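Subject: Structure for you to look at

Hello,

Here is the structure I said I would pass on. Please open it and keep it in view while you read the notes below.

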Protein chains: 2
Amino acid sequence: MNTERFHINVPKIDKPRVVVIGGGFAGINFIKELKDGPFQVVLLDRHNYHTFQPMLYQVATSGLEADSISEPFRRIFNSYEDFHFRMLKVISIDAKNNEVKTLIGNLKYDYLVIACGTKPNFFGNENIAKHAIPLKSVSNALDLRSKFWQCLEKANMTKSDIHKRATLTFTIVGGGPTGVEVAGALAEMRDHILTKDFPDLDMELIRICIVDSNPKVLKAMSQKSSEDTKRYLEKLNVELLLNNRVEDYDGRTVALESGGTITSETLIWAAGVTANTINGLGENAIEKGRYLVNDQLRLENQINIFAVGDVAFLKTKDYEKGHPCVAQVAIQQGKHLGKNLMAIHHGKVSRPFSYTDKGTMATIGRNKAVVDFPNRLHLKGFFAWIIWGLVHIYYLIGFRNKAIAFYNWAESYMTYDRGTRLIIKPYVPMGEKDAAKFIKQNEIGI
Amino acid sequence: MNTERFHINVPKIDKPRVVVIGGGFAGINFIKELKDGPFQVVLLDRHNYHTFQPMLYQVATSGLEADSISEPFRRIFNSYEDFHFRMLKVISIDAKNNEVKTLIGNLKYDYLVIACGTKPNFFGNENIAKHAIPLKSVSNALDLRSKFWQCLEKANMTKSDIHKRATLTFTIVGGGPTGVEVAGALAEMRDHILTKDFPDLDMELIRICIVDSNPKVLKAMSQKSSEDTKRYLEKLNVELLLNNRVEDYDGRTVALESGGTITSETLIWAAGVTANTINGLGENAIEKGRYLVNDQLRLENQINIFAVGDVAFLKTKDYEKGHPCVAQVAIQQGKHLGKNLMAIHHGKVSRPFSYTDKGTMATIGRNKAVVDFPNRLHLKGFFAWIIWGLVHIYYLIGFRNKAIAFYNWAESYMTYDRGTRLIIKPYVPMGEKDAAKFIKQNEIGI
């Protein structure tokens with residue numbers, strides 16, 4: 001329909017074309033390996049920027065500006081030869097004709113790299129989808145930031161304690177790193193900022209809950225880390241509802257599997273995700289919702305289609321259930337595939353991928369963090385927190401963002417303050433119409 | 001309707017209550033004078049933050065983060081005694097009963113300070129209101145930022161040069177400081193960033209126009225400054241359509257008074273503003289759309305109601321048409337009224353306001369600025385630009401924002417780069433329904 005006015009407009013040149021769908025950790029690290037190489041690279045993404053996802057919770061909790069964790073693709077790659085970015089959503093893949101389909105036309109590829117990550121999985125519950133706030137995009141994070149401060153302003157003008165409590169209850173679904181980090185940051189804000197900002201409000205009315213179906217938080221980490229984290233959370237007055245599940249949510253009442261309920265006007269979805277698979281490759285290509293790849297990160301039965309990062313399902317002896325959906329895997333797979341593609345092109349041998357676990361970490365709050373090193377060494381407290389900060393700053397794209405993030409943290413640490421307490425675009429729950437508009441908007445991405 | 005669940009909830013204490021409507025330059029500078037004084041101060045605003053309006057154009061043109069020019073009221077005032085902020089819109093003023101009316105109830109005052117500034121004035125043209133982007137709020141600035149980068153991405157995928165040109169034409173209505181500053185910043189981005197970011201796009205297709213009904217730009221400044229600015233703009237390839245007016249706009253075609261048209265998918269409204277007057281004080285209280293005040297900044301025929309800043313109309317020998325709507329007047333009036341109120345309370349004499357013109361300035365781009373000092377000294381070029389930067393950083397609220405703004409500028413200056421080129425919330429033209437929802441949203445502000 002838009003093909004009369006628009007076209008994808010990538011020049012045909014005498015180099016094989018690599019189309020990359022998605023500019024997350026996997027996508028951008030893959031492209032970096034191909035810099036000024038023998039390929040034409042086309043990156044397709046619905047956003048014009050890369051998001052440093054592990055730090056989204058910082059934006060949501062007023063710790064960092066949205067701009068500090070986002071880096072425009074064109075800025076990252078504007079010195080690359082034969083690189084093209086198009087802000088487009090891919091509708092389907094046509095492997096027979098070697099092309100991807102978008103609303104404004106088709107694009108031929110010689111190699112296709114699927115790196116479009118995951119989206120929140122509400123397990124088919126439309127009520128939850130409508131009322132919960134996920135934490136997968138910068139826009140989500142800003143919504144949560146607005147919602148949080150709106151709740152505080154609202155509660156401050158609410159008559160009854162019952163209503164106040166409902167407005168001031170923040171329920172987080174999922175006790176993984178994101179859930180734990182959001183809960184910790186909210187609790188620290190309560191203790192250090194809200195007491196000053198809302199002196200008339202009874203801080204006892206603020207309730208922060210984590211609901212998780214597992215018997216422990218941070219189940220992917222060591223027993224020690226999990227236990228330390230539990231202690232940290234309890235110290236911060238975060239309620240843990242473990243061995244439990246959220247079954248429904250109408251915007252006010254959280255229905256739990258156990259039969260209980262939580263009256264909570266905010267539900268933060270830090271639980272399941274599902275891979276962003278694309279139409280066209282058939283059901284056989286998919287295992288456990290992700291693209292099944294071999295140790296070359298190539299799709300089964302395909303010659304020139306690869307998948308990397310969260311969207312890829314790679315089963316090895318050490319990872320029988322596939323690799324974890326974390327930044328490190330995505331980064332390593334992206335880099336590995338980039339090196340392999342260069343090798344293939346130069347007639348060299350392509351090597352199997354093997355994941356090097358560099359350790360896992362999570363931060364719960366000021367001086368409260370846990371680190372599991374691959375050698376089973378476990379660290380907690382102040383030193384773990386410093387390591388967490390350094391590693392995250394190191395991986396942030398671009399000197400500018402690093403400098404601003406460092407400045408923000410140094411300032412927060414010294415002053416116990418958080419700067420970006422703004423309701424710039426008020427959070428409005430997404431009605432069905434808005435949702436439809438939003439989706440349409442994102443189809444062609446322009 | 002909301003009064004069952006909500007109340008304004010300001011404690012009654014043994015101090016006279018001062019209600020301040022609006023936390024712009026006038027409002028916050030007024031409140032600062034009353035710090036820990038003999039009054040209870042209640043600030044009402046629809047936003048939870050103060051906006052440094054002179055820098056909005058920097059946010060719109062990817063130079064500064066939104067968060068750097070916004071400061072939460074509760075952060076500014078959280079060390080003040082007997083200060084209360086409520087995120088509420090005032091619906092009307094009832095001078096007889098000394099109270100202001102909001103959707104969640106009424107609030108009594110002993111003194112009322114109206115400081116709610118201005119809003120864009122589209123002179124009753126609904127088409128323009130629907131399609132133009134004003135530059136009065138942080139949200140506007142982010143909309144313009146998104147729109148600008150959306151246009152670039154879109155043009156890059158557009159087939160015909162005619163459509164490309166329409167998408168890449170940015171028409172600015174108003175040749176005052178905001179219009180000139182936006183035009184200059186867009187032109188600099190074209191020359192230093194877009195050439196690198198969009199190498200396939202013909203930069204000749206980008207058109208930046210300023211339409212103004214006056215025969216010159218910056219009409220409030222000296223003849224010299226106006227001429228220098230004109231030269232700077234022409235050097236930057238900004239088209240000036242002076243002695244002309246925008247009569248209509250349908251989202252694509254700008255109809256000019258002269259009979260000509262500009263095909264332009266973006267219309268930036270940096271022209272007229274109108275004061276945010278509130279129902280209830282009668283037509284006699286208003287002159288030229290603003291509240292008529294005497295030299296004590298008190299409304300005619302009122303004992304305890306004052307107006308300061310853009311919303312006030314103060315006629316003096318030097319300012320027969322009222323004082324200009326600029327930050328300096330608002331700051332000085334706010335401070336002056338604060339001091340007067342303290343004097344009145346202590347039985348001292350309240351003094352008449354007199355404006356000290358500290359000079360005017362505008363920046364067109366890198367090393368391109370003009371400054372008029374009150375002694376008729378005129379400065380331009382690099383030194384004017386440095387002065388502009390220092391003055392604006394000096395007035396930015398809070399050390400944190402100053403540091404980040406300084407960092408951004410220093411970096412931009414050295415690298416010719418601008419960091420925040422993000423389309424976080426895509427710009428969607430506001431339909432009537434959305435507009436209604438937006439207004440409703442802002443009524444109670446929560």
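Helices (H or I, at least four residues) and strands (E, at least two) are DSSP runs, numbered from the N terminus. Please keep in mind that this is a predicted model.

Two residues with positive phi

Most residues other than glycine have a negative phi. B:F123 is not a glycine, yet its phi is positive, at about 50°. You will find B:F123 in the loop between β10 (118-120) and α4 (126-131) of chain B. Is B:F123 buried or exposed? Its relative accessibility is 60%, and the cut-off for exposed is over 50%, so B:F123 counts as exposed.

B:S62 is another residue other than glycine with a positive phi, near 65°. The loop that holds B:S62 runs between α2 (56-60) and β4 (70-72) of chain B. With a relative accessible area of 0%, B:S62 is buried.

Two helices in chain B

Two packed helices are described by the angle between their axes and the distance between the axes. Helix α5 (residues 138-156) and helix α7 (residues 177-197), both of chain B, have axes that come within 13 Å and cross at roughly 45°. α5(B) and α7(B) are therefore oblique to each other. The crossing in which α5(B) passes α7(B) is right-handed. Which residues make the contact? From α5(B) they are B:F148, B:W149 and B:L152, and from α7(B) they are B:L186, B:M189, B:I193, B:L194 and B:D197. Sorted by class, this contact has seven nonpolar residues, no polar ones and one charged.

A:G175 sits in the loop between β12 (169-173) and α7 (177-197) of chain A. A:G175 has 2% relative accessibility and counts as buried. Which residues does A:G175 touch, leaving aside its neighbours within four places in sequence? They are A:V180, A:I210, A:V211, A:D212, A:V217 and A:L218. A:G175 and A:N214 are 39 residues apart along the chain, and their C-alpha atoms are separated by 8.3 Å.

B:I93 belongs to strand β6 (residues 92-94) of chain B. B:I93 is buried too, with a relative accessible area of 3%. Neighbours within four places in sequence aside, B:I93 is in contact with a list of residues that includes B:I21, B:E99, B:Y109, B:I278 and B:I305. B:F83 is 10 residues from B:I93 along the chain, and the two C-alpha atoms are separated by 21 Å.

B:Q332 is part of helix α9 (residues 327-345) of chain B. The relative accessible area of B:Q332 is 13%, and B:Q332 is buried. Apart from neighbours within four places in sequence, B:Q332 is in contact with B:F353, B:S354, B:Y355, B:T356 and B:K358.

Cysteines

How many disulfides are there over all chains? The count comes to zero. For B:C116, the nearest cysteine sulfur is that of B:C325, 12 Å away. A disulfide needs the two sulfur atoms within 2.5 Å, so B:C116 is in no disulfide. B:C325 is likewise in no disulfide, and its nearest cysteine sulfur is that of B:C116. Their accessibility is as follows: B:C116 is buried at a relative accessible area of 19%, whereas B:C325 is partly exposed at 38%.

Regards

Methods:
Residues numbered from 1 in each chain as written. Chains lettered and ligands numbered in written order. Predicted model: local features only at pLDDT ≥ 70, side-chain atom pairs only at ≥ 80, totals over all residues. Heavy atoms only, no water. Axes fitted to C-alpha atoms, helices over the stretch in contact; angles between N-to-C directions. Parallel < 35°, antiparallel > 145°, perpendicular 65-115°, else oblique. Left-handed = near helix turned anticlockwise from the far one by under 90°. Contact = heavy atoms within 4.5 Å. Nonpolar A, V, L, I, M, F, W, Y, C, P; charged D, E, K, R; others polar. Buried < 20%, exposed > 50% of the residue type's maximum accessible area, 1.4 Å probe, protein only.
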